[in-house]
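Trainee: Please walk me through this model, one feature at a time.

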Amino acid sequence: MSIVVEGNALTQDYFVAGGLFGKAETIRAVKGASFAVEKGRTLAIVGESGSGKSTLARIIALIDRQSGGTLRIDGDEVDIGTRRPSPALRSKVQMVFQNPYGSLNPRQKIGNVLMEPLQLNTDLPAAERRTRAEAMLIKVGLAPEHFNRYPHMFSGGQRQRIAIARALMLNPDLLVLDEPVSALDLSVQAQVLNLLADLQEEFGLTYVFISHDLSVVRYIADEVMVMNKGEVVEQGSRDTVFSNPQHPYTRQLFAATPETDIEAIRARVARRRALHAH
Amino acid sequence: MPILTIRNLTVRFATATGAFTAVDGIDVSVSPREVLAIVGESGSGKSVSMLAVMGLLPDTATVTADEMIFDGTDLLRLSRAERRRIIGREITMIFQEPIASLNPSFTVGFQIEEVLRLNLGMSRREAHARAIELFQAVGIPEPAAKIQSYPHQMSGGQCQRVMIAMAIATNPRLLIADEPTTALDVTIQKQILDLLMKLQEEHGMALILITHDMGVVAETADRVVVQYKGRKMEEADVLSLFEAPQHPYTRALLSALPENATGDRLPTVSDFFGAEGAQ
């Protein structure tokens, strides 16, 4: 199997400028992350706020340059700080953001949202761009007549479908998904997760899936990486991490996740009854 | 004997395109010492119905109900002044965004002391001492120092603890918590839910928990009301709801939970509910 994306000791430092009230300081948001994801697989990065998971996602998506370490896409080392990524490289890696209300331009029609990546990165003629955009709308479960509508005319789940469609327009190999379903209602979340699974199967896509939600991760991931305060505290296959978590933080995270299984509820109800009986 | 009984509650909003019914004939009741979860997705009217009880809806809303009885008194028949003696004292509420719920210009201590002075007529000195006690009760470390902090100096979890301290300051009979942990990390969520349950048991108050999260329901509720598009779909005790959900919508919600996935795709609401549910 070929490795699509590989990180080696990636770090990210943020420089906080000093001002009237504070001293300048450097904050290390990612403290050395290493990983490799094979084609067609899903790596889930799990963590709470401040864990550095989104910072790492931005490095992988070629939005921010890492402070240290190396990033390889399809085996080639990439450093966006020294050389601007080529259109071919940009096409390989695409990103979907958490908030579908914020990630679409309210003044841009959906058709233009989808055609813009083609305009910027390819020299396809206009008619071909349109055909591809309409085909993509159908692919993500929307319809060609949505082409001329504006983002406000869509629900949250539909907007996230549009954001996914935009990311797929350039036939990427790798999709970086930063909390793609956490702003969605449960029933819509299920639809979008299904769509992602369908697309992965059809196009052999590789996913880096950022999430704070362990039940979503357990459902979608092949490999899991747990981050806490910039550090990777645990990584491994989904089954190993979930069945036998090693790090205390991972265990703490599992313990805090609400359980919906009947036996757990039964036990809690019994405890509460006993308490009330006194 | 329930502490709060609402019958046939309807809330309509006047909008530019005509009246919109957000809550459509809902009955809710909660008993003393009971934890009731109202669960639903966006647009289910779960928050609006409780905001109607609190009288916090804007003027564009029309609230009607056959009765809204709290502890023997019909809230709908009270004057504004009489209502104020109940709302904020006997019934209190906390919200989803703890940082947005607090006034950024005043210390958290000032804000909780204000509640104590206005509602309980305490002097500044009494209020200050009681505020420190309350901070201790909700598990804020170094309460005497923290009381002088401004909201931006505290984390989201700590701000929610401050909100809870304010909400229990008057020893309410009923606390309404509207998505109290949705904005918080999962480890902090657990702490806040544990705190709410502990306080609920200690004070013997009724708790209405509004949430979209079936996990939160499973961990807290005695009884559950499931709402969808302003209507009540199902009402059951928590064990029956998870064990044998009666309404197709409840079944759809439970099977959409990723942890309940059986095949390699998740069932969606439309699989259970026809095309209407998929919209």
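**Strands, a helix and a contact**

Mentor: Start with β7(A) and strand β8 (residues 206–211) of chain A: five bridges join them, and they run parallel. Strands pair if DSSP finds at least two bridges between them. Helices (H or I, at least four residues) and strands (E, at least two) are DSSP runs, numbered from the N terminus. This is a predicted model: local features need pLDDT of at least 70, side-chain atom pairs count only at pLDDT 80 or more, and totals for chains, interfaces and linings use all residues. Residues are numbered from 1 along each chain as its sequence is written, with chains lettered from A and ligands numbered from 1 in the order in which they are written.

Trainee: Which residue in β8(A) is the bridge partner of A:L177?

Mentor: A:F209. Four bridges also join β6(A) to β7(A), again parallel. There, A:V93 stands opposite A:L174.

Trainee: Which way do the residues of β7(A) point?

Mentor: In a regular strand the side chains alternate between the two faces of the sheet. Here A:L174, A:V176 and A:D178 point one way, A:L175 and A:L177 the other. All are buried (20 or more other C-beta atoms within 10 Å of the residue's own, C-beta atoms being placed from the backbone).

Trainee: How many residues of α5(A) are buried?

Mentor: Twelve of its 13. The buried residues pack against elements including α3 (110–121) and α6 (186–203) of chain A.

Trainee: How many residues does each chain give to the contact?

Mentor: Chain A gives 28 and chain B 30 (C-beta atoms, placed from the backbone, within 7 Å). On the chain A side, α6(A) supplies the largest share, seven residues.

Methods
Two residues are in contact if their C-beta atoms, placed from the backbone, lie within 7 Å.
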